[in-house]
Amino acid sequence: MDIFRALKTYYWHDKGFLWGSVAGLAIATALGLAYPLLLKTLIDEMIVPGRYEGVLGLTLTAVGIIVVKAGFQYVHGFSGGRLGNRLAYRLRNACYEKLQQLSFSYYDTARTGDLMSRLTADIEGVRMFIGFGFAQLLNTGLLLVFGFTMMFFIDWPLTLMTLVIVPVLGFVAIRFEQNIHPVFRSIRSAVGRLTVRVQENVTGVRTVKSFAREPFEIRKFVKENVDYRDNHLSLATVWARYFPLIEMIANVSVAALLLAGGWRVIAGTLSLGDLVALSGMLGLIVAPLWTLGFQINGYTQSKASGERLLELLNQPIAVRSHPKALVLDGDRVQGHVRFEDVSFRYANRDDQPSALLGFRVDAPAGSVIGLLGGTGSGKSTAVGLLLRAYDVGEGAITLDGVDIRHIELASLRSQIGIVFQESFLFSTTIKENISYGRPDATQEEIEEAARLAQADGFIRELPLGYDTIVGERGMGLSGGQKQRIAIARALLNKPKILILDDATSALDMETEHEIQTAIRQVMAGRTVLMIAHRISTLRRADEILVLDRGHTTQRGTHDALVRQPGLYRETYRIQYADRPDELDQPLTAAKPSGERRVSG
Ligand SMILES: Nc1ncnc2c1ncn2[C@@H]1O[C@H](COP(=O)(O)OP(=O)(O)OP(=O)(O)O)[C@@H](O)[C@H]1O
């Protein structure tokens, strides 16, 4: 029950509906117990003595009970439905909000399909139990108490005899719960894995098909499907073992009552009406006991689901704003960025050396800093740290002299425009994609940003222009077009700091040059951090840093770096093989930038 206690905040607002649902069902059940009493009256006081004048009154009483009982059943259904659905609504919102709050590090290991199944199937499991299952389970308990109390007043020795089944059934039900809970837990995570498979396959379908790996993907799916099926088979086995057992125990008590009760009716120590009432009541009590398995089933299923939801809801948020964090005033931000001996290691990669070591940059407002380096050298890590995707391990990053850990997260990020390596577009219009960061932007502003990003031309050629809907992940557009929309999106915000993480790699040289010129205009007085593999992108930067496995191996302007032996000159040589003029300049020794190659 700890799980449901922990989920209380999501349903306790509606405790009125909870009590309505419980009380509705309990009263309806109690009224149901009146039927055997009516039968007893009919037999003992009317049929046996032959006094039939009360039959009509008795029948009307039965009809009255039926109507009132139906009314209370309605209260149960209405309240349970309201309770469950409101709970599911709140839980869904809370999970979604949590997903928005969770930091980048959570998404490094999270699986989309698994999250999807938590937000759908698991919420459904909890909704069903709290809305209905809980009231039914409680009702079974109440029925036992009410029913046996009434039976006790009719004939206590026979009642005591039948009561023997209760602890036996209770024991079996607990064993059943213990056996079935782990099975349900594995089923839930098997569903999660199955969804992940499908989701990944659909997302990566182009890669799968281009490598002709469909059979491999099918095998992977079949493996998960076998796992899912086997889990269900285990479930069926547990069911098959316990269900007949529960039914058998319940029926033994009915048989015992008929035998002992029938004996006493023949002996004249029990009236026929009492025996009919007792067996009717036992039947009413035993019926929900038979479904106790189903009820426990629902309980354990929703407990497993509740666990998975709480696991998500209780996830620690790695990067968050300090309660007293500084909220930036956009008009007063200069955009002076400093990385002061920053080192960082990814939490999920403890076995690996640091992704960034002793990284130092001083980027006054309006400067352009270029980052060059082989793949995995730490370039994206550096810009991610400025965005506070992760918090630095050692050292500090400052914006206008303030440690960014002391700045309110949203206000920090609102000063930064970033274009990622992979341009993600939402499945909506191009217009909405560009104005994502500033939904209040006018059409003119959107078009202006698109013009600067060299996107206006191709957008206008599309049948619906800015109102064209781009599919999931921007399908239907070329890589370069997607990149240009992503650049327009970043430019529209007129951020004080612009980060371009290999953002122009999919563009041809000419378009890239035009975008660079446009970015220079827009970014006059603002700070740009630019990651690129092309010298043409970087050459105008005020300072270029060359990274290698997290270390800064070279730094300087293009003119200085091209004269130093090292990766920069080497890259230049490869990319400008037809223009070796700059390489003919006399070599200068590598500038002692203070960086030392430290292992690890
Ligand atoms: N989210 C992550 N979780 C764990 N390790 C990561 C993560 N992102 C990057 N790394 C690791 O950190 C190191 C630096 O990666 P980073 O992405 O900063 O390199 P990069 O220079 O931007 O490379 P590329 O040019 O290929 O984008 C690499 O060893 C990489 O495997």
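Visitor: How far apart do the C-alpha centres of domain 1 and domain 2 lie?
Guide: In this predicted model, the C-alpha centres of domain 1 and domain 2 are 64 Å apart.

Visitor: Which residues belong to each domain?
Guide: The domain assignment of the protein chain gives domain 1 as 2-196 + 236-313 and domain 2 as 335-415 + 496-589. It also gives domain 3, which covers 425-494.

Visitor: How many residues does the contact take from domain 1 and from domain 2?
Guide: Domain 1 contributes four residues to the contact, and domain 2 contributes five residues. On the side of domain 1 that touches domain 2, one residue is nonpolar, two are polar and one is charged.

Visitor: Let us turn to the helices. At what angle do H2 and H4 pack?
Guide: Helix H2 (residues 15-32) packs against helix H4 (residues 55-101) at an angle of about 155°, and their axes are 7 Å apart. Because the angle is over 145 degrees, H2 counts as roughly antiparallel to H4.

Visitor: Is that crossing left-handed or right-handed?
Guide: H2 passes H4 in a left-handed crossing.

Visitor: Which residues make the contact?
Guide: On H2 they include Phe 17, Leu 18, Gly 20, Ser 21 and Gly 24. On H4 they include Ile 65, Val 68, Lys 69, Phe 72 and Gln 73. By class, the contact of H2 with H4 has 11 nonpolar, eight polar and two charged residues.

Visitor: How do H2 and H6 cross?
Guide: The axes of H2 and helix H6 (residues 112-154) cross at roughly 35° and come within 9 Å. The crossing of H2 and H6 is right-handed.

Visitor: Which residues of H2 and H6 make that contact?
Guide: H2 provides Ser 21, Val 22, Leu 25, Ala 26, Thr 29 and Ala 30. H6 provides Ala 135, Gln 136, Leu 138, Asn 139, Leu 142, Leu 143 and Phe 146. The contact of H2 with H6 has nine nonpolar, four polar and no charged residues.

Visitor: What about H16 and H18, at what angle do they pack?
Guide: Helix H16 (residues 443-452) and helix H18 (residues 479-492) pack at about 125°, with their axes 8 Å apart. That angle makes H16 oblique to H18. H16 passes H18 in a right-handed crossing.

Visitor: Which residues meet there?
Guide: Glu 445, Ile 446, Ala 449, Ala 450 and Leu 452 of H16 meet Ala 488, Leu 491 and Leu 492 of H18. The residues of this contact divide into seven nonpolar, no polar and one charged.

Visitor: A change of topic: how many residues surround the ligand?
Guide: The ligand is surrounded by 14 residues, and the closest are Tyr 346, Ala 355, Thr 375, Ser 380 and Thr 381.

Visitor: Which helix gives the largest share of that shell?
Guide: Helix H13 (residues 379-386) gives the largest share, with three residues.

Visitor: What classes of residue make up the shell?
Guide: The shell around the ligand has two nonpolar, nine polar and three charged residues.

Technical notes:
Residues are numbered from 1 along each chain as its sequence is written. This is a predicted model: local features need pLDDT of at least 70, side-chain atom pairs count only at pLDDT 80 or more; totals for chains, interfaces and linings use all residues. Axes are lines fitted to C-alpha atoms, for helices over the stretch in contact, and angles run from 0 to 180 degrees between N-to-C directions. Helices (H or I, at least four residues) and strands (E, at least two) are DSSP runs, numbered from the N terminus. Angles under 35 degrees count as roughly parallel, over 145 as roughly antiparallel, 65 to 115 as roughly perpendicular and the rest as oblique. A crossing is left-handed if the near helix is turned anticlockwise from the far one by less than a right angle, and right-handed if clockwise. Two residues are in contact if their C-beta atoms, placed from the backbone, lie within 7 Å. Ala, Val, Leu, Ile, Met, Phe, Trp, Tyr, Cys and Pro count as nonpolar, Asp, Glu, Lys and Arg as charged, and the others, Gly among them, as polar. A residue is near a molecule or strand if its C-beta atom, placed from the backbone, lies within 6 Å of it. Domain bounds come from an automatic or database domain assignment.
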